[in-house]
Amino acid sequence: MSKLIYLVPLFPLIGFLINGLGRKALSKSLVSIIGSGAILASFVVSVLIFLDVKQPGYAAQVVHLFDFIKVSKINIPFAFQVDQLSTLFLLIITGVGFLIHLYSSAYMHEEKGEHYARYFAYLNLFVFSMLLLVLGSNYVIMFIGWEGVGLCSYLLIGYWFKNNDYNNAAKKAFVMNRIGDLGFLLAVFWMLSQYGSVDFGNVFSKAEGTSVSVLTGITLLLFVGAMGKSAQIPLYTWLPDAMAGPTPVSALIHAATMVTAGIYMVARSNILYTLSPLTQTVVAVIGLSTAIFAATIALKQNDIKKVLAYSTVSQLGYMFLALGVGAYTGAVFHVMTHAFFKALLFLGAGSVIHAMHHEQDIRNMGGLKKYLPITHITFLLGCLAIAGIPPFSGFFSKDEILTAAFLNNPLYYVVGAIGALMTAFYMFRLYAMTFRGKFRGTHEQEHHLHESPSAMTIPLIVLAVLAVAGGWIGIPEVLMKDSHWLEHYLAPVFENSTFRMKQENHLSHSTEYLLMFGVAAIILLVIFFAWNKYSKYTKTTAENTGLARVLENKWFVDEIYDAVISKPLLAISKLFNNIVEKVFIDGIVNGVGRLIQYSSRQMRWLQSGQVGSYILIMVTATIVFFLIQFFWKSN
Amino acid sequence: MPINYYLFLSIALFSIGIVGVLTRRNAIIIFMCVELMLNAVNVLLIAFSKMHHLKALTANAATTVGTEAQLFVFFIMVVAAAEVTVGLAIIVMMYRNIHSVDINFLNRLKH
């Protein structure tokens, strides 16, 4: 079955080509059928492969398609890795991706035919790139996908290219990603010079004999790439701005593709990270600080999508915390559950925005519960899942991460738990302000409020089911014996790392219960508080002051970046333009011209037209040569 | 007679020719100076040839070594004669056209 793996990325590629090339000819319904159908086909193939892979004792396979780069000793084949990890990601990408495509077909209906097709073409290309990233059996193929998702995010964030702000957001995303990509690229080159190969199999098997400093360098550079792609401090600011794109695109970026790439890459390279403890600490600390930092910003945002965006940054921070403390399964688990509930929340937000006629400010919403019943229920389930209430999916994955963090360093746990409380708070602030209380929008908006069409509600319902039940594949040992299916499933991938990690400090059951349900109880209190407080929210015009103002302005990070990086860079560019370019470069170019003009003007006097002077010069020159010849030899 | 005298005579003739070509504006005078330079070379050729031939005669009384240069002189004279016919014809044409033999009037190609 795994021989058919090439079909999985092939379908979206074909979809991209058809929709992209035929964008002027195809009708809207045909475009959406091709676009969604391609992903559905990939999903079906992925499921078939998954059924094969999930058999116990399945050994990872590398499906060689063709030689890609073959120069002397370096051989980089175009090959796909079919194992438990990549197959799981395939399911997430194509499954959630398909639901988002389906949703998009209704959400984007107002667009003109040509742009509608362009949208689906980009979406398919996005999924294709992500599949390439996940399937590649070496870092170079992974890098192709890595760059591909960067490109597609640029195209989709700037989808409404007539708005200059959106274009700037797209550029920001692209540039930030490029910074990270440079790190990734350097790591690949380093690997190539160190191991002479970039194949996962080769690199991982040789990793053990490498000195720790080299491994630390490689993994840190790889992590810089992950920082850019997965929006970690300090390269996270592009992700909230990426909200400029259509809402389903946000869902796609945040749930199925793009931001999980960094997590996948680190999880894939788990053995390298396990062997370099310093990098692991860096990853954990950066993940944790991102988690808590983004959560504080989310507390005070008023744009429905911005809240979700910062919550994604925060959740990605948790995933990196898990990777940093060596809980690779936990990270992948959280990627999965997060894909379900974050896609659900974004699509729910899209449904709200659709109903509110492109209003995104939650201060102008409220009381939407009775107008959008399905959206309301599913959104609430998504909020409960992300907040980590048992038995919703987020509870299990987050608990696994926090437990692993506690084992590693109790401080991680405390900070992480505070972040989890904030998550619950801002999610229910968002929920209460959107769906509870009284409607605060204009009359016209209230008149137009309506539940979204079924193409939008069906994905919501499916995702809600997954968001509720998705966590049940990873119920911790302590609650139910042998029920952590995911851990058993992924065990072969993380085998070497688990083997190396110290296993001695197992928590006692009572501590584990305390960690698990203690936090859950506090979270419930926080939810209760936020629910009550923001259900009664009324519009005020009072400006925020103090810390609230700082949070509302996202800690002024954009402004700081602007002042510390952009402005000096601009100033230097201006300096170079005015001094180096205009004086030196132009001076040299114009100087050459002027020199030739000047010298030719001087030489012109020789061409007098007087035969006598020509002969005089000739005779003089002959005499001079004669003298030179004569005296040269005598010397 | 020592070879030096011939050399000095030749150099003197040649220099007079050159100075004449450079300084005079009359085309006929310039022409004469060119002839002077050619003949300076002829004198030199004959002087060297004679010297060379005398040296060879001491070894072999019947030899003709060294006489080739004297033949060259004839060639030069023939060429010079041909040149004179063409050159004088040009000068005549020039005089017919511009009523002067001053070469400084002949710089129209410059403009």
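Residues are numbered from 1 along each chain as its sequence is written, and chains are lettered from A in the order in which they are written. Because the model is predicted, local features need pLDDT of at least 70 and side-chain atom pairs count only at pLDDT 80 or more, whereas totals for chains, interfaces and linings use all residues.

Chain B contains three helices and zero strands, where helices (H or I, at least four residues) and strands (E, at least two) are DSSP runs numbered from the N terminus. The order of elements from the N terminus is α-α-α. The C-alpha trace of chain B spans about 60 × 25 × 20 Å along its principal axes.

Helix α1(B), residues 3–23, packs against helix α2(B), residues 27–59, at an angle of about 165° with the axes 8 Å apart; axes are lines fitted to C-alpha atoms, for helices over the stretch in contact, and angles run from 0 to 180 degrees between N-to-C directions. The two helices are therefore roughly antiparallel, a term for angles over 145 degrees. Residues in contact (C-beta atoms, placed from the backbone, within 7 Å) include Y6(B), L13(B) and F14(B) in α1(B), and C33(B), M37(B) and L44(B) in α2(B).

Between the chains, seven residues of chain A are in contact with eight residues of chain B. The chain A side comprises four nonpolar, three polar and no charged residues, with Ala, Val, Leu, Ile, Met, Phe, Trp, Tyr, Cys and Pro counted as nonpolar, Asp, Glu, Lys and Arg as charged, and the others, Gly among them, as polar.

Technical notes:
Two residues are in contact if their C-beta atoms, placed from the backbone, lie within 7 Å. Angles under 35 degrees count as roughly parallel, over 145 as roughly antiparallel, 65 to 115 as roughly perpendicular and the rest as oblique.
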